[in-house]
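Q: I'd like to learn how to read side-chain contacts and pockets in a model like this one. Can you take me through them one feature at a time?

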Amino acid sequence: MAPQRLTIMSGSSSKRVLVLGGGVAGSTVADRLACAGVDVTLVENQPLIGGHAGAMGCKAAEVCLRCNVCVAVDIFKSVLQSSRVQVITRAHLAAFESRGLASPYRAVVTTKPGFIKMERCTGCGVCLKACPQGCLRVLLPAVYGGKPVMDADACLRSKGKSCALCAKACPVNAIDLDEKPHQHTLEADALVVAVGYQPFDPAIDASFGYGSVANVITGLEAERQLVQQRRITRPSDGAAPRRIAFIQCVGSRSEHAHRRPEDMDYCSAVCCAYALRMARRLLHESEDAAVTVFYMDLQNFGKDFNAFLNAVKPRLTLIRARPYEVTAGPQDTVSVRYEDQAQGAVTGAVFDLVVLAIGIRPAPDTLALAERLRIPVDEQGFLGVKGATGLAESQRPRVFLAGACEAPKDIASSISQAESVCAAVLGECGIFDDGQAARR
Ligand SMILES: Cc1cc2nc3c(=O)[nH]c(=O)nc-3n(C[C@H](O)[C@H](O)[C@H](O)COP(=O)(O)OP(=O)(O)OC[C@H]3O[C@@H](n4cnc5c(N)ncnc54)[C@H](O)[C@@H]3O)c2cc1C
Ligand code: SF4
Ligand code: SF4
Ligand code: SF4
């Protein structure tokens, strides 16, 4: 029998899908559904879409290291340009109720004012200079160009004073200081939940030295440096570090007797790859640099690992140890104590910069959201349970899960899983069929 071909019934459908979370997973769902002719409302609780990937930097050395950050950026740009995707930011899903099978869900979304009309703003930057309080900032320049967001809490108007300098300075009237909160009521044929993750906070464990030792930073801070200054430097003096250490599995794979609720017993799946890419980038930036990686196991790097290691030998040292103490050394150096398993002895080393490869935890309000949407959480606190197809399931009709909200994953896995979710959405909403409906 010839295989059945999946057919999109038309370039346009009357269906609307609600997507919660504008990170790379939610944006991929929105982008691909829009391409299939489905109208999408993308609800993001931050001022901008982009999530964690939108705030990450290119790690290319002499060659592209395939971190996929630029792939994610292209998806965010495509979403912002799509006429089929309605993006609602600073938004909260206040209600989500079933209305029966014909149009199953009714959603209420409330928004806080953002004061800047993004569709009108040209990113000229005039308002940034006009504001005496520094309330306007450019975030995610790769996605939004120079378009700013306003910190409404810092604005003089929030303190009862009168000011409209930014609005008067804007040459295209893109600032509406009288914007009010809104409430949107929508009908949705399906919901895709893609609320992502939160990074592990190393400040909860003094032994990592984070917050107390000047030149200890997290992987996320190293990412921000790559975005803002295109290189990784020491916070204490802005200098390029020569001796750099990465400490892997910070917060992940913690199975010791004194485990705290914040610790995670699972592998975060992304840290080895991002740390090794950053290491190679650092070695590329400076011929004097040497990198040491303290690791438990190196995970998820794929078939290029040996070629990768050969490219950075002998300036990359891999030490299989979990350091137990990170303290301040002389002249803003960082001292790392660890057990050298080969020699069976406790020893130490001194670095100019230590990067903590922090892992991935469920997003902060996952439990409350799960209760509100009546979705189960697994024993680690991520949304959903694995179904027969291998996809995480919400156990609610036409409610789907995508991205790191259901398990830690990198950008490539978030995109491919989001695409699988799109196929499931199209199937369950009757937009894809086996060709019969298209012939009717
Ligand atoms: C330090 C670090 C470095 C990394 N580097 C890389 C790398 O180089 N390459 C790579 O492939 N992966 C990397 N990753 C992994 C990458 O960040 C994830 O794969 C990716 O961000 C997952 O996307 P997501 O959309 O599932 O989640 P997120 O990026 O977390 O996006 C979720 C979105 O949902 C929004 N949201 C949350 N709750 C709500 C709500 N209730 N209502 C509405 N919106 C909500 C959030 O504001 C956010 O915009 C790194 C991770 C870390 C921790
Ligand atoms: S290193 Fe990453 S962001 Fe840079 S070009 Fe390659 S995939 Fe894109
Ligand atoms: S109203 Fe005044 S204080 Fe507020 S953002 Fe504009 S310029 Fe800044
Ligand atoms: S002055 Fe107006 S157009 Fe220019 S960046 Fe500010 S809001 Fe946008």
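Q: Which residues are linked in a network of salt bridges?
A: Asp31, Arg32 and Glu419 are the members of that network. Keep in mind that this is a predicted model, so any contact you read here belongs to the prediction.

Q: How many salt bridges does the structure hold?
A: There are eleven. One of them joins the side chains of Glu223 and Lys59, with N to O at 3.1 Å. Glu223 sits in helix α6 (residues 219-229) and Lys59 in the loop between β3 (39-43) and α2 (69-81), so this contact ties together parts that are 164 residues apart in sequence.

Q: Are Glu223 and Lys59 buried or exposed?
A: Both Glu223 and Lys59 are buried.

Q: What about Asp178, which residue does it form a salt bridge with?
A: Its partner is Arg157, and their closest N and O atoms are 3.4 Å apart. Asp178 belongs to the loop between α5 (165-169) and β9 (182-188), while Arg157 belongs to the loop between β8 (148-150) and α5, so the pair ties together parts that are 21 residues apart in sequence. For accessibility, look at Arg157: the relative value is 33%, so the residue counts as partly exposed.

Q: And how do I read the salt bridge of Glu406 and Lys409?
A: Ask for the distance, then the burial. The side chains of Glu406 and Lys409 meet at 2.6 Å, N to O. Glu406 is buried, and Lys409 is too.

Q: Let's move on to rings. What describes a pair of aromatic rings?
A: Two things do: the distance of the centres and the angle of the planes. Searching the whole structure turns up three aromatic pairs. Take Phe96 and Tyr105, which are stacked, at 4.4 Å centre to centre with 20 degrees between the planes. Phe96 and Tyr105 are both buried.

Q: Where does the pair of Phe294 and Phe351 fall, and what are its distance and angle?
A: The ring centres of Phe294 and Phe351 are 6.0 Å apart and the planes stand at 90 degrees, so we call this pair edge-to-face. It links distant parts of the chain, with Phe294 in strand β14 (residues 290-295) and Phe351 in strand β18 (residues 345-351), 57 residues apart. Phe294 is buried, its relative accessible area being 0%, and Phe351 is buried as well, at 5%.

Q: Now for empty space. How does one find where it is left?
A: You roll a probe the size of a water molecule over the atoms. In this model, the second largest pocket holds about 830 Å³ of space. Its lining is made up of 31 residues, and Val87, Thr89, Ile116, Met118 and Glu119 lie nearest the centre. The elements giving two or more residues to that lining are α2, β4 (85-88), α4 (141-144), β8 and β9.

Q: How does the lining of the second largest pocket divide by class?
A: You get 15 nonpolar, eight polar and eight charged residues.

Q: Last one: what surrounds ligand 4?
A: Cys121, Thr122, Gly123, Cys124, Gly125, Val126 and Cys127 are among the surrounding residues. Pro148, Cys170, Pro171, Val172 and Ile175 also belong to the shell. By class, the shell around ligand 4 has nine nonpolar residues, three polar and no charged.

Notes
Residues numbered from 1 in each chain as written. Chains lettered and ligands numbered in written order. Predicted model: local features only at pLDDT ≥ 70, side-chain atom pairs only at ≥ 80, totals over all residues. Heavy atoms only, no water. Salt bridge = Lys/Arg side-chain N within 4 Å of Asp/Glu carboxyl O. Helix = DSSP H or I, 4+ residues; strand = E, 2+ residues; numbered from the N terminus. Buried < 20%, exposed > 50% of the residue type's maximum accessible area, 1.4 Å probe, protein only. Near = heavy atom within 4 Å. Nonpolar A, V, L, I, M, F, W, Y, C, P; charged D, E, K, R; others polar. Phe/Tyr/Trp six-rings, centres within 6.5 Å; stacked < 30°, edge-to-face > 60°. 1 Å grid on protein atoms, 1.4 Å probe; cavity = no way out; pocket = protein on both sides within 12 Å on 5 of 7 lines; lining within 4 Å. Points joined across faces, edges and corners; volume = space filled by probe spheres on them.
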